[in-house]
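Try each task before you read its solution.

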Amino acid sequence: MDTEGAGDERESPARRRGQGELEAQVLSVLGEATEPVTAAWVLQRLGSGLSYSTVITILTRLHAKQAVTRTGPGRPVLWQSVANEAGLAALRMRRLLDKQSDRDAVLSSFVSVLSADDEELLRSLLAESGPGGGPGGPGGPGAAPTDRPEG
């Protein structure tokens with residue numbers, strides 16, 4: 001039995017999180033806050049044996065992705081979510097699209113691989129957003145504005 005217990009202890013710390021999993025967890029915790037919070041507050045609520053520096057790294061990455069805001073140079077630094085997990089995924093998609101030279105081909109290919117239900121949802125969301133789309137549309141904070149010409 002001692003061998004099984006030791007094996008369980010070795011496997012638990014070795015578990016690697018999926019790409020973006022920790023960012024999603026941090027965004028979820030920040031989403032619970034009613035006002036800007038410290039990294040220590042986030043760390044306490046994550047409660048997963050992370051180090052303070054890991055939380056700071058994740059918050060800094062989220063800040064670079066414009067998914068969170070931070071206060072100025074004063075101490076303590078306070079963090080606040082601007083995008084939920086869906087908003088973060090939208091920001092990632094927008095960044096990938098921005099790197100492409102042929103946006104039309106990328107968007108056309110994307111639409112062609114959507115399920116019928118997803119395509120209908122996308123059509124509905126585009127119709128609701130009206131000409132020009134934008135952050136005030138159905139995507140809310142963190143939604144990527146469109147670059148479509150009106151007309």
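**Exercise 1.** Which pattern does the chain follow, read along the sequence?

*Solution.* This is a predicted model: local features need pLDDT of at least 70, side-chain atom pairs count only at pLDDT 80 or more, and totals for chains, interfaces and linings use all residues. Residues are numbered from 1 along each chain as its sequence is written, and side-chain values use heavy atoms, with hydrogens and water left out. Now list the elements. Helices are DSSP runs of H or I with at least four residues, strands are runs of E with at least two, and both are numbered from the N terminus. The chain reads α-α-α-α-β-β-α-α-α. In total there are 7 helices and 2 strands.

**Exercise 2.** Find how helix H2 (residues 21-32) and helix H3 (residues 39-46) cross.

*Solution.* Start with the axes, lines fitted to C-alpha atoms over the stretch in contact; angles run from 0 to 180 degrees between N-to-C directions. The two axes come within 10 Å and cross at roughly 110°. Angles of 65 to 115 degrees count as roughly perpendicular. H2 and H3 are therefore roughly perpendicular to each other. Next, find the contact (heavy atoms within 4.5 Å). H2 brings Gln25, Val26, Val29 and Leu30, while H3 brings Trp41, Val42, Arg45 and Leu46.

**Exercise 3.** What percentage of the residues of the chain count as buried?

*Solution.* Apply the cut-off: buried means under 20% relative accessible area, with a 1.4 Å probe and protein chains only. Of the 151 residues, 23% count as buried.

Technical notes. Angles under 35 degrees count as roughly parallel, over 145 as roughly antiparallel, 65 to 115 as roughly perpendicular and the rest as oblique. Buried means under 20% relative accessible area, exposed over 50%, partly exposed in between (1.4 Å probe, protein chains only).
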